Structures are given as C-alpha cells and as structure tokens.
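Please look over the following protein model with its strand pairing and its aromatic contacts in mind. The briefing below takes these topics in turn.

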Amino acid sequence: MMLSGAVYSQTGSKITVKGVVTDATGEPLAGATVSEKGTTNGTMTGVDGDFTLSVASNGTLTVTYVGFHSKEVEVNGQTTFKVSLIEDSKVLDEVVVTALGIKRDRKSLGYAMQEVKGDNLTETRDANVANSLAGKIAGVQIKQSGTGVGGSTRIVIRGNNSIAGNNQPLVVVDGVPIDNFSSKTDDYWGNSLADKGSGISDISPDDIESISVLKGPAAAALYGSRAGNGVVMITTKKGTSGKGVGITFNTNLTIDNPMQTPEYQNVYGQGSNGSFDNNQFGSWGPKMDGQTAEMALGKYPYSARDNNLYKDFLRTGSSWTNSLDVSKNSEDMTFRASATRLDNKAVVPNSGMDRTSLTVRTTAKLAKWLSVDFKVNYINQNTKNRIALAADPNNIFYDYLMMPRSIGFSDWEPYRGNDWKRADGKPAAYVLDHGSAPRSPYWSTERNRNSDKRDRYISFAALDFTFTDWLSLKLRTGMDNYNFRYETIRATGNPYWEQGGSYRVQQEGFKELNSDFLFTAKGNAGKFGVLGTFGGNIMYRSTSFTNSWSGELEIPDFYSITNGKAHQAVEASTSRKEINSLYATASLSWDNYLYLDLTGRNDWSSTLPKDNYSYFYPSVGASWVFTQMLENMGHNTGPLTFGKLRASWAQVGNDTDPYMLRDYFTTLYDIKGGIYNVTNKNWIANLDLKNETIESWELGLELRGFDNRLGVDLSYYKKNAKDQILKISVPAATGYQYKMINAGNIQNKGWELALFGTPVKTASGFQWETLLNWSKNENKIVSLSKDTKKQILSDGTGISFLQIVAEEGGSYGDIYGYAYERNKDGSILIGDNGIPVRASEMKKLGNNQPEWMMGWTNTFTYKNLSLSFLIDLNYGGDVYMGSIQTGTRYGNLAMTLDGRDGMVVPGLLANGTANSTSVTAQKYWTEISGITEAFMYDATNARLRELNIGYTFPRSLLTKTPFSGLKVGFVARNLFMIYSKTKGFDPEAGFSNGNTVQGVEFGSMPTMRSLGFNVNVSF
C-alpha cells in the first residue's frame, strides 16, 4: 500500500498533509484508515485513496487497511510520503454478520456459514438474484422453474424438512425478514395459473453487499419458528467508505436464446396411420412430398416449412439493466441513493417485464452515544403475458409438441388482420376441430392475455445507543409491504371454457411489521471474553385477497367485470398473524482460541391454541481454533495457517398458517344475482395443534495452509423434523378429504465440502483461484402417523399417471407410477398386440432429489484481465419427462422416425417366447404413452452456468478522464449443457416450485442462454 502527500500549511507544530493510499501494485484503496498515533485524530481515504489530515510535525502516521499489514510512518516534518503495505495472507479474524445482525469473528462460529459477495451477483446477473447462487454454496439447491424471466426459484438448504408445508428458507434483508412468496402452480392442467415469481427477486443485485446463508438450525436458531429451513441473509450497501461523493454507473445487456432444444423430425407430416388428415394432431401421416394439400389453415405445400418454434416463432430476447449509485460519506454520516431499471423483452412474442428499484439509505452519528440507520426501498414491477404452464390450453410449448410438422408458422399470416380468427369467430387452428385448446400460438399469445403489476416497499429504521464501552442497545422497526394486481383475459371466440370470453382480476395485499430491541454487553477479564445479548421481537402480518370474475361476457371483446352475461363473482379473504418473541445469547471465549455459544428463544404464536402457543428453542455451539492455541503455547504450526474444529446442536421449528384451529366457510358473492354461495373447506381442524420442531446437530473442520493458498471446510450434519403439521387423508364418509394432525419425522443427514485454493500465483501477476462446493444429502421418512403410513403429496394436482409419495421408510420425493410388466427375470413382457404390457399397480420408479450436487468456480487473472467460469452439476435423481411423452405420442420428435413401416418390440410374451408381432411406430408410441416408466429419465446434468471475461482499466490510463474506475466484460449464463440424458429438454425445468410436483417436467419452456456485456464505471 502506497501513501503520498504534500504540505498545504503549517502552524506551529501542526502541518496539514494530503495523501493517496494504494496497494502494492499501485492501485489506490478507498477506506484505508490514516491516523495520528497516540491520538483520536484520523481520517479515511476517499474513492481515489486520497486523504487530508492535520498532524504534529514530529508525529507518527499509522495506516491500516483490512487484509494488509499495518505500517507506521514517522512524519519528521516531511511533506511527501510513499509507504508500501504488504497484503497479510494470515488475516483470519474476518468479521461476519450473523443472525439478528450481530457481528462476530468468523473463527468463533460453531456452525457452517458461507457468503457470496455482491460483486459476484451483478455481472453474470439474473432477473432473480436467487438464481445467481446456484453452485456457489455447498448444500444449497437452487431450482429455477421453466417459466421464463420473472419466474420463481425454489431454494432448499440441506434437504426437505416438511412433507406438506414450506421447505424454503427465511429471507432476511438488513435484519428485517421479508416475504419470499412463491406462486402456487401445482396444477397439471394449468387452469390459467401463472408463475408470478419469488419475493427475493425484488432485491436488486446492485444494492447487495453480500449474501450469507445460515444453513443449520444452530446458525438460524435466533430466528425461532421461522428459521426451520435456514436463513438467506442479505446485507445491502451503505455509503462508500472514504470521504467525498462517489458515483457508480453499471449497465448490463444480454441477448437471450434457448440454451438447447430437442430434435424434431421433418420427414412425416399431418395425418394418421400413414394417411393425410387435416383434422389430426401430430405427424403420423405420409412422408411430406411438397405437393399442395388442403390444410385446416388453407392450401399449402405438404412439406416442412418454417415449422421451428424456437426460430420461426420465438424471437431473440433481451435483458437490459442500468443502475446508478450515488454515495456520500463523512466522519459522522453516510448516504447512498441508487436506482436500478431492468427492461426485459421475452423470447415469447408479446411478453416481457420491467422492474424499477429505488433505494435510499443513510446512517448518521447524532451524538457520541447515539447513531441512526434508515433505509427505504421501493420496487415496481410490470409483467406482460406470463406463459401458460403444463397442460394449460394456452401453453405454446406444450401445444407445439402436438402441432403437425407440415404446418408452418407463416400459414397463420392471412388471419392476422382478423385477430387470428376464422370466419366462424373461433381461432384459426392447425386442425378443424379445436377440442379443448386454441391450437394456435398467435391466439395464445395475442388474444388470451394476462398482465400483472406489483408495488413493494421494504424499509427499516434503527437507533443504536452506546451507553458505555461495554453496553449498547439497538431499537429497530422494519416493514415489508406490497400490493399485487393480476388480470386475465380469455378472448371472445375461445373454443373452451367461456367461449364468449371472460375477464378476471385478482388483487393481493401483504404487510409485515417487525419491531425489535437488542441489548448487547461485552467484556474481557484477562484471557476470558464474553459477549451477551438480550432482545425481543414483535411480528405482525396481515394479508388480503380478492378475486373478481365476470363469467362469460355479454358484449364481445369488452373486458370488464360488469360485462358478465349471467353473473359476476367476487371472492375475498383476509388473514392476520402475530408472533411475539424473547431471546438471549451468551458467547464465551478463552484466549482467542476456544469459544462457546449459547442461545435461547421463546415464541408466542397467534396461530396455535392457547395451551401450545408458547414454545422454546435452544442452541449450543463450540469452536476450537487449535492452531491459535498452539501458537499461544509457542508452537510452530508449520504450513498450517489455520485449523478449527466446530460442533453445534439446536432446535428450531415452525408454527402454522392462520385459521387452522377452527372449521370455517368460504363465500363467493354473485353480484348480479345477489347470492352468497357458501362452501366449507376440505379438511378437519384440530384444536390441539402444536409447533413443529427441527432438531439438528453438526460437526465441522476448517483448515487453511500454505499462506492461505489452500483451504477446506468440511461439515457433517443430521437433522430430524418432528411433529409436523400435516393434512392426512380421511375416509370420504367424514365429508372431508383431510384432517390436521401433528405427526411425522423426516430425517436429513449429509456431508458438505468447500475446497478452495490458489494453485498458481506468479510474480508476473498471473493467478488462478478455485472454489469447489460439494454436498450430499440423504433423506428418510422415519415415520408419518399411527393411522397413516403413506401420503400422496401430488393428490389434487390433476396428475393421474404418477404420484409423488411420502411413505414410512422411503425418502422425500419418491416417484410412483405405472411400470412395464416384467417376468421374474426382469424382462419386459409383451402383449399379444406386440406392445409392452403396463403393470396394473403403481410402483416406485425413482426419487426426484439428486444424490449429490457440485459447483466448481475457477477464476484466472493476469494483471488487469480476468476470466472466471462456473460449472454446476447435479448427479442422480429422476424426472418424468412429460414433453418427451407428448412429443413421441404425436410423432413429432426425431426419436419416432424408426418403425414407421413396422417394427418388432424386443421382449418376451407371457409364455416365455420372444415377441414376433410387428407394430407401427404410431401404435407403439401411442400405447406406451400411459406407461410412466417409459418416460422416467436420469436427471443427472452438468452445465456451464456462468462465464465472465473482464478487463479493469489501470488508473494510469484514466488520469485524464473523469473516471476513477472502469471495468468492461463479456458475460454469459447457461452457455451450454455439458451432460444430460433428457433429449434436448432441461431436466430441471419444472412447471412449479411447489412440493407436490417436483420431478415432473411437462411442456416446459427451454432454459435461456444469455450472452452480453457488462460495463461498470465510477467517478
């Protein structure tokens, strides 16, 4: 680190110096501390590493910077200084933010904790910041739904805990919990449901300083009944360190296209059994010969013409994000204001989204004993035409699997001027009889429409009182408040449901207030240290929901609730919930190498009965830094820089949703008829419900050696989720489908490994850094209830060909379905018709959870040039590929080409003889479409998740420009699939992130490859 300066004035023994602080390579560092030794006189360097300080002419300057050796410089009346500080490779006392915002030395923690810096989220960015965590944290599974930009993401930490409840972690921003909502789209038939995204996606990556994941209950215990699934803790930026005004502008533009697509055949066209028929789905007709044929859309050549959905209908998408950050810092105050704008043009025509995020944050030291921290974040998001899901009639990706290969997208062009309608007012379709769908991608994207708007405020205000050097108090209140409006239009002329058209408006409101206090006391007595806290929290949440529907329209194409022909229905609901909490911690240390943590929290929940609404969660953790102990004893640890053993045990848990204790009814009001329709819920309430409990223990080993060039973090954990709040099936004679009970014990145990190092580091400036995250989780359902040993999780989703099952002795995510009938030797049995026989009963076919996960990040730097990439691998697990089932059933995928003129399916007849009956490919694929096993695939996949090539301009090149920093780079996400067995479809692209349909792919949108550039400039 370099320091240079000049004299401005001199009065007596005082001189005023001006300097610049740099690292050993000559790069200025902002935020270095320059102080006069033996005094409280000091300052911090600005964005260019500059400072001004008045000191005694015979004084001593002390220059410090995190991660570097400090150095003292004698003034001796000099006016110019140059000081080089060396990076400290042994700095291990990293301060991290833990639960409730408590700052701790990382080495003192008795549990695993991993962190991702904000810089890793802004360059190869995603519209949902959660997707940027994929492969970067051991034990964390990130699964993006196959619903395009703005879709939701499923986050699971160390396996699934809850059979029927929420399995995603609590999200906390600057100490304030926020709602990480996720759309419930667990409906195989779609039914106009849309994936409206995840709550965490509203947080702009440009505002994030770091994301820490608290994996185990010991880490998250202080969040009590909300932290059973772990905590994703987001710390946002404050004003820049150093004096002066800092301005940063970042622009990121990416072009989006499908990462991979399946292979379709272009030999056979529309028809059945080898004959042309313009009223048939699929491509079981004759070979395409180019002769003019009477298609349902008109007379066109019977040939493969502009029939590629991915090239001839979808468009090139784009995402353009611009952010501006203005910050100001002084000795007693920081200020930061930022604005981020995302504009997305989706690959599906007539769809896209925009998001605007505005943030203001300021901190101020009002007095020696009082400081304040205030922040408000406003987010506005507008989305147009979210895609339909699964077997929804408007899902263009599902419909394309059935569209004959002899149909070209240009065949619809003559109908553009008539709103894509035929003369009879129905959609112009590739078949004469629509059935239950438009059979037109233009009708689905331009006539049947949807839109939504979300306005959200996330804010907090905090006061810090410093009573003495050992006692302080933080008071904080935070709010998360959003309103969401979703509109759906079914066009007049629709061939299904309301054929005259309909209009629906749904509005959701959410507000959560968290107010808390936290006393902190700390002290030392010789080698003994203590840090204690005592605090409390009041959480109040209210929600509202209205669903207004016109029914079939009176006036065609006039979309209004009051234009309903027969009635307009209004459904409304509200809910309230409150949790009061008290908690305390005690962190004890001995000689900077032995640490013991104790925590306790008691919650009082309004959603549980009076006898059970109070419950206590304790935790204990220990950390032994044995290298520090050996050094304290005078022993040399050799190449081992740091060594630590840790252990922890904890209980956390969960309560339940409001109004689960009493039977209640829902009402639907018919505005025109003036009638209330009343229905009861489908489950029996339970007045004796109690809280769920998750008990966990963890062991860990951390090692670093060779001047921190190599490191490892190894964890083993085991956790059991008990007394789960379940809806268990009951006999139909009760008048209900389910009843609420406390039961079940789900066990997760596994290993996590983070291996990091710098294999190459040369004097010429070349460096290679690598980080490998690996994890393996084993899940077991130890027990359900006394009366229920098997629960069908997918019940109610409309799926009949398979079941997602929770069964005692099994694992979470077991998939049951119809298998091939086999003989005792395991050979597939063939029926007399030459087709494999389907077993009469469902059996276990696989499990939707991966056996292990790995993320491997490599970063290469040479002076100012950098290259980094991330490989993301999920090994094992099974997935039902509904897209392959549909595409083969209708003869469109290339794998259906064989056997068009007849084939013999290998296998044995019931009498043990070899099958010799010839069948056509059409008969084969149509008949086996009901055999689940035929479309079960290994879900193993590896992909190049991220690539970033950047160049940082040296400051020497910017001296005559207004820029203090400039970095440009090529960025890419989801470049290509390295390995997969699912025939060009993404095995991770499900239509929902809910528990009940994991492992089911059906009509999914392709995962997008994003290529573009990122420019970051500071002033």
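In which sense do strand 39 and strand 40 pair, and over how many bridges? Strand 39 (residues 790–792) and strand 40 (residues 802–807) pair in the antiparallel sense, over 3 bridges. This is a predicted model, in which local features need pLDDT of at least 70 and side-chain atom pairs count only at pLDDT 80 or more, while totals for chains, interfaces and linings use all residues. Residues are numbered from 1 along each chain as its sequence is written, and side-chain values use heavy atoms, with hydrogens and water left out.

- Strands are DSSP runs of E with at least two residues, helices are runs of H or I with at least four, and both are numbered from the N terminus; two strands pair if DSSP finds at least two bridges between them.

**Aromatic pairs**

- A search of the whole structure finds 38 aromatic pairs, where rings of Phe, Tyr and Trp (its six-membered ring) pair if their centres lie within 6.5 Å, and planes under 30 degrees apart count as stacked, over 60 as edge-to-face and the rest as tilted.
- Tyr-188 and Trp-189 form an edge-to-face pair, because their ring centres are 4.7 Å apart and their planes stand at 70°.
- Tyr-188 counts as buried at 9% relative accessibility, whereas Trp-189, at 45%, counts as partly exposed (buried means under 20% relative accessible area, exposed over 50%, partly exposed in between, with a 1.4 Å probe and protein chains only).
- Trp-420 and Tyr-442 are stacked, with 4.3 Å centre to centre and 15° between the planes.
- Trp-420 lies in the loop between helix 4 (396–400) and helix 5 (441–447), and Tyr-442 lies in helix 5, so this pair ties together parts that are 22 residues apart in sequence.
- Trp-420 is buried, with a relative accessible area of 2%, and Tyr-442 is buried as well, at 10%.
- Trp-420 and Tyr-442 belong to one aromatic cluster, whose members include Tyr-264, Tyr-310 and Trp-412.

**Charges over rings**

- The charged end of Lys-790 sits over the ring of Tyr-816, 4.5 Å from its centre (the criterion is NZ of Lys or CZ of Arg within 6 Å of the ring centre and within 35 degrees of the ring normal).
- The charged end of Arg-704 sits over the ring of Phe-642, 5.6 Å from its centre.
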